[in-house]
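These are my notebook entries on a single structure.

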Amino acid sequence: MITLITTYFEDPRRLRDFIEKEFDENHYSELIVVDDGSPLQPALPIVLEYPEKNIRLFRVKNDIGFNSHGARNLAMKHVETEWAHMTDIDREGIGQYSPVLWRYVKTSHPTEYFNFILGHPRHQFVTHNDYCVRTKDWWKSGGYDEEFTNWHFGDRIFIERLNSYLQPTTIHVSLKPTRKSRKWVETDTTITYYPNDETVVHPSYSEEYKENLINIVKERNENPDTWIRDNILQFEWEQLI
């Protein structure tokens with residue numbers, strides 16, 4: 001079976017929609033939700049509305065800013081199935097196309113994993129945030145690079161590492177985002193925050209800082225001996241359900 005994984009931050013409406021429309025229990029054995037430290041609208045009350053659903057909920061104890069990479073690492077630490085499907089909460093079509101994914105999984109090759117098309121008909125692309133992979137194969141990468149905490153960046157670099165030893169097969173079904181691309185604003189804030197559904201406010205990092213950070217992770221990609229490391233889950237977390 002497949003475990004479905006998504007992260008959450010301050011978005012009750014989308015979490016309810018995701019549970020009700022995308023979590024197809026005929027093809028996913030469970031849903032793991034990781035609340036990335038929501039201070040005002042935590043995920044727990046929403047998940048408790050669905051006691052009949054097989055959902056596990058984890059929470060990052062403190063809002064440390066954008067921490068989707070760490071939240072995904074936390075979820076993967078607790079996957080018990082052979083396959084894991086990683087996705088974002090603002091997706092439509094996962095439940096609709098889960099039978100298609102299941103057919104691909106049942107006939108997969110040993111070094112194969114699956115990704116998807118994202119977007120509307122006039123603007124579609126292969127998404128780096130949505131993929132289904134064998135759990136043991138995912139961990140060969142060492143997990144996401146948590147150095148990118150507070151910065152909406154790094155998914156492409158992680159996927160480069162995954163693609164260095166696995167072969168992606170694109171499933172040509174189109175997942176649709178329910179949120180438009182956010183406007184990126186940099187200020188002197190200390191952590192990432194979201195004043196509305198269209199804007200993300202980032203700490204203002206120097207170009208030198210950004211370049212050094214990218215180079216550190218790219219160097220890791222080029223040295224497989226460094227992939228398995230101890231510096232993941234560098235934050236406090238708890239399991240709520």
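**Entry on Glu147**

I first listed the contacts of Glu147, setting aside neighbours within four places in sequence, and found Leu213, Val217, Arg220 and Asn231. I note that the model I am reading is predicted. I then looked up where Glu147 sits: its place is in the loop between helix H5 (135–139) and helix H6 (155–163). I also looked up a separation for this residue: Glu147 and Gln234 lie 87 residues apart in sequence, and their C-alpha atoms are 9.9 Å apart in space. I recorded Glu147 as partly exposed because its relative accessibility is 23%, and buried would require under 20%.

**Entry on Thr3**

With neighbours within four places in sequence left aside, I listed the contacts of Thr3 as Tyr28, Ser29, Glu30, Ile32, Val79, Thr81, Trp83, Ala84 and His85.

**Entry on helix H1**

Which residues of helix H1 (residues 12–22) are buried? I wrote down Pro12, Arg14, Leu15, Phe18, Ile19 and Glu22. I then looked up what these buried residues of H1 pack against. The strands are S1, S2 (28–35), S3 (55–60) and S5 (91–92). The helices are H2 (44–47) and H4 (94–106).

Notes: Residues are numbered from 1 along each chain as its sequence is written. This is a predicted model: local features need pLDDT of at least 70, side-chain atom pairs count only at pLDDT 80 or more; totals for chains, interfaces and linings use all residues. Side-chain values use heavy atoms; hydrogens and water are left out. Helices (H or I, at least four residues) and strands (E, at least two) are DSSP runs, numbered from the N terminus. Buried means under 20% relative accessible area, exposed over 50%, partly exposed in between (1.4 Å probe, protein chains only). Contact means heavy atoms within 4.5 Å.
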